[in-house]
Amino acid sequence: MLTRDATTTLTEQLAERYAERIRARLLAPGARLPSVRDCAQRHGVSPHTVVAAYDQLLAQGLIEARRQRGFFVRAAAPPAAPARPAHTATGGESRPIAPVDATALIRSMFHHPGARASPGLGTLPPEWLDLPLLGSALRRVIQGERLAGHALHYGDPAGDGRLRAALSHRLADLGIAAGPAQIVTTLGATQALDIVSRTLLAPGDAVLVDEPGWAVEFARLAQLGMRVLPVPRGADGPDLDVMRRLIEAHRPRLYVTVSVLHNPTGSTLSLAQAHRVLTLAQAHDFHVVEDDTYAWLAPLNAPRLSTLDGLQRSIYISGFSKILTPGWRVGFIAAPPTLVQRLVDVKLLSSLTTPALTEQAVAVCLEQGALRRHAERVAARLGTARVRSIDLAQQHGCTLATPPQGLFAWVDTGVDTDRLALALLDDGWLIAPGSLFHATRRPSMLMRINVATSQDVAFWRALAHRRAELQRRGPRS
């Protein structure tokens, strides 16, 4: 919020607020700024103050004025100014940032400890995690006889043997037969996806992805020079007619999918669709990368491609950031035996090895059954939170695009959620607008909410208020 008792003027505060967003690419090049009238109403200042603030941004080369159209972020903004704390004008708490592109969505995960958890968050709230479990597992490893091996040497390039053995047992519970020699540990599931991509793809290769899907994966593949081919994702899986046409036209090398508790829709692949996907992969000679990031929040018997395929065409990826702690960065790949050494070679080039200390701590959590019990408690708590969050959404005029499951719900707000995200930012609320989950950005009335962090009625009241404002002003004001 702008404040009149700050050491800087309202004009300077407003200009700095937009300058921060532009330099951090939270307002993308070409994005239209609010009209003078809209901006004045939104921030409770006079039109003269807005004009003066926009003049400062023009002088800094951050925006440009287009006759009879308004003010827009310049296509090539000047380099970022020296970093400065993201405080309010009075030096108070940090403000959240709006996730208007994939990198901003990542930055939103690094919120200040103790800050208000927002509905756009992609992880469980910290207070839902089991800190005593983490501490106990670390103490058991540190007090063990093999501490010197962890502290004084690089670990096994494929990953800690104790963890890989524990993961093999975990995969067996899911119906996936994979011995420890088929498992490669990674710095989280994100590095696992990167290692697989760098192992199997070359710039210019085509990759099938779900749409909507994970914005970070779209951006990562595009940065590697891949051709991203979106396949519409329905309640029971991908649109197979579209998939067949894309396969015939582009001969993809990979299909990357979240088959269970899909992000952002929460849907799970049906058994029939899973069989058809694997048939297409076999017929057209491509691999299927199954990202099972939310495995611990899903039933053991949920249809998984790697269970049906037996790790022939499929490559299974998962991790522990969404259930245990994001700070340890422990993930893994389970792959066909013929691919394992190639994956290890790419891992060596990117990170040498992975930390054996935290990998052994995760192994302890798995071996003792503590992680399973923790996951059961989280799933039960999530069920209660889901009921409350969905009830609040519906009370405040939103509808569900798909039946909610797992951590997320895919919610229809009735207005452009890019505009809604920026409006709610001024109220201190972070949302994940639907446009972020498309390979080619386009307006959307949908948003992804985290049901664990969407239980505050104050958020839904703010959303209803901002939505009503946007509806009064029309689509382009």
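Predicted model: local features only at pLDDT ≥ 70, side-chain atom pairs only at ≥ 80, totals over all residues.

Student: OK. Which strands does helix α13 lie across?

Tutor: Helix α13 (residues 337-351) lies across β3, β8, β9 (314-319) and β10, and runs at about 20 degrees to β3. Axes here are lines fitted to C-alpha atoms, for helices over the stretch in contact, and angles run from 0 to 180 degrees between N-to-C directions. Helices (H or I, at least four residues) and strands (E, at least two) are DSSP runs, numbered from the N terminus.

Student: What's the strand order in the open sheet of 8 strands?

Tutor: The order is β3-β10-β9-β8-β7-β4-β5-β6, with mixed pairing. Two strands pair if DSSP finds at least two bridges between them. The edge strands, β3 (183-186) and β6 (237-238), each pair on one side only.

Student: And how does β3 pair with β10?

Tutor: Antiparallel, over 4 bridges, with Thr185 opposite Phe332 in β10.

Student: Now β7. Which strands does β7 pair with?

Tutor: Strand β4 (residues 206-211) runs parallel to β7, joined by 3 bridges. Strand β8 (residues 287-291) is also parallel to β7, over 4 bridges. Tyr255 stands opposite Val288 in β8, and Leu208 stands opposite Tyr255. From β7 the chain crosses through helix α11 (residues 271-284) to β8, a right-handed β-α-β crossover; that means clockwise from the first strand over the helix to the second, with the strands pointing away from the viewer.

Student: Are the β7 side chains buried or exposed?

Tutor: Buried, on both faces: Leu254 and Val256 on one side, Tyr255 and Thr257 on the other. Buried is under 20% relative accessible area, exposed over 50%, partly exposed in between (1.4 Å probe, protein chains only).

Student: Switching topic: which residues touch the most other members of the largest nonpolar core?

Tutor: Leu171, Tyr316, Phe320, Ile323, Leu324, Leu366 and Trp460, out of 67 residues. Such a core is a set of buried Ala, Val, Leu, Ile, Met, Phe, Trp, Tyr and Cys residues joined through side-chain atoms within 4.5 Å. Helix α15 (residues 370-395) gives the largest share of this core, 9 residues.

Student: What does Phe320 contact, beyond its neighbours within four places in sequence?

Tutor: Its partners include Leu167, Trp296, Phe332 and Leu366.

Technical notes: Residues numbered from 1 in each chain as written. Heavy atoms only, no water. Contact = heavy atoms within 4.5 Å.
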